[in-house]
Amino acid sequence: MKNVIYADNAATTKLDIEAFEAMKPYLLEEFGNVSQPYSFSKKAKLALKEARRTIAACINAEPDEIYFTSGGTESDNWAIKCFGFQGSSKTIITSPIEHHAILNACKTSSADVKFLRVNSYGEVDEESLIELLKRKDEEIVSSTLKETLVSIMYANNEIGTIQDIKKLAKIAHDSGALFHTDAVQAVGHVNIDVKELDIDMLSASAHKFNGPKGIGFLYVKKGTNLYSLNSGGLQESGLRAGTENVAAIVGMAKALKNNIAELDNNIAHINACVNSFFERLSTAQLDYVLNGSKNKIPGNISISFKDKNGESILHLLDLQGVCISTGSACDSVNNQLSHVIEAIKCKKEYAHGTIRISLGKNNTIEETQILAEKLIKVLGIR
Ligand code: PLP
């Protein structure tokens, strides 16, 4: 990591050192399978219980509403493919700017999938949700069991836009639909209270909030009908088969607890980094547009430069030891724009010059100044 400026925290984050330390005993000493009844597994079993309690408390859920998964992708797939009663006729209403974990899960589900409108800031149009739910009501044939899931991401991974989840969940519930949110980019970065939001399901992933990779959870409100995605043992109340990764779960709980405890300080620091980046950037005459809404995930800078190429900017910055991402991950063959940049109708002359900088709690003001300087330099190269 020496001399590397890591500014791609929406892709993944550095493991919290305390989370790492908390994981070690469950990798090296207390490695027993928690499904076994002998006393050797007791400490691991207790750690699992405690981690579930900690995670639940961080989002104001009950411990038995937290189901451990392998990460955001699995949580999203589970919610999309397994809601409601098996065999019932289903509809999913979602937005066109969701992560592919949602969009591709929708493609392989047997449900009828309908898409909401989004505006140029990436905000979901509430009227389009009302319209789709109303149309759905009219389609209902009383003798068949029909169920609807509305799935809208909490914060977009490319442009950072935060949705009004409480309002959207209320609209869904007023029509008898279930509500799921992919909160992978939000958990550990903003305050989330599932009771206050009144949502039925929420997906989260540890590596986005300084926890280990390959672990996440799905919050499922008590009483929500969800069947199992994979077949096997009776782990996770018989709903998610597979031996629990205790070390990763313990690390996830510690990382989330630490991030939530420091949330206000982290947000203030990240905002200061963002401001310092823009101050430095303003010293150059650059033609760009900023993507996303005002209410966005801390540290997200999705920026589109006129007549530039995001891929080239990424590679030129990489050569200088700076890690960023393209918001518009171009398909090198088709040179297509990302579905998000397309959905918000970013002007063509800017769209291809999109990059995503995502700052996190470990970035420094000094780093953001250097990043801005290097970016200015790189933009001068055609
Ligand atoms: N959902 C969103 C919004 C994401 O940003 C990501 C990862 O980038 C995922 C889901 C997938 O999460 P994971 O990498 O844990 O599978």
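## Basis of the model

Residues are numbered from 1 along each chain as its sequence is written, and side-chain values use heavy atoms, with hydrogens and water left out. In this predicted model, local features need pLDDT of at least 70 and side-chain atom pairs count only at pLDDT 80 or more, while totals for chains, interfaces and linings use all residues.

## The ligand site

The ligand sits in the largest pocket. A pocket is an open set of points on a 1 Å grid over the protein atoms alone, where a 1.4 Å probe fits, with protein on both sides within 12 Å along at least five of seven lines. To sit there, more than half of a molecule's atoms must lie within 2 Å of the grid points.

Around the ligand are 13 residues, each with a heavy atom within 4 Å of it. T73, D182, Q185, S205 and K208 come nearest. Helix α3 (residues 72-82) gives the largest share of this shell, three residues. Helices are DSSP runs of H or I, at least four residues, and strands are runs of E, at least two, numbered from the N terminus.

For S205 the distance is 2.5 Å. For H207 it is 3.0 Å. For H99 it is 3.5 Å. Taken alone, the ligand exposes 390 Å², and the protein buries 85% of that (Shrake-Rupley method, 1.4 Å probe).

## H180 in strand β6

H180 belongs to strand β6 (residues 178-182). H180 counts as buried because its relative accessibility is 0% (buried is under 20% relative accessible area, exposed over 50%, partly exposed in between; 1.4 Å probe, protein chains only).

Leaving out residues up to four places away in sequence, H180 touches D76, A79 and I102, among others. A contact means heavy atoms within 4.5 Å. The list also includes L149, V150, S151, M201 and L218.

## S128 in helix α5

S128 lies in helix α5 (residues 126-139). At 4% relative accessibility, S128 is buried too. Beyond four places in sequence, S128 touches L116 and R117. A polar atom of the S128 side chain lies 3.1 Å from the backbone nitrogen of R117.

## P63 in a loop

P63 sits in the loop between α2 (42-58) and β2 (66-69). Its relative accessible area is 30%, so P63 is partly exposed. P63 touches R52, R53 and A56, again not counting residues up to four places away in sequence. P63 and M201 are 138 residues apart along the chain, and their C-alpha atoms are separated by 14 Å.

Technical notes
Polar contact = N/O pair within 3.5 Å; in protein donor to acceptor, adjacent residues only side chain to side chain. 1 Å grid on protein atoms, 1.4 Å probe; cavity = no way out; pocket = protein on both sides within 12 Å on 5 of 7 lines; lining within 4 Å.
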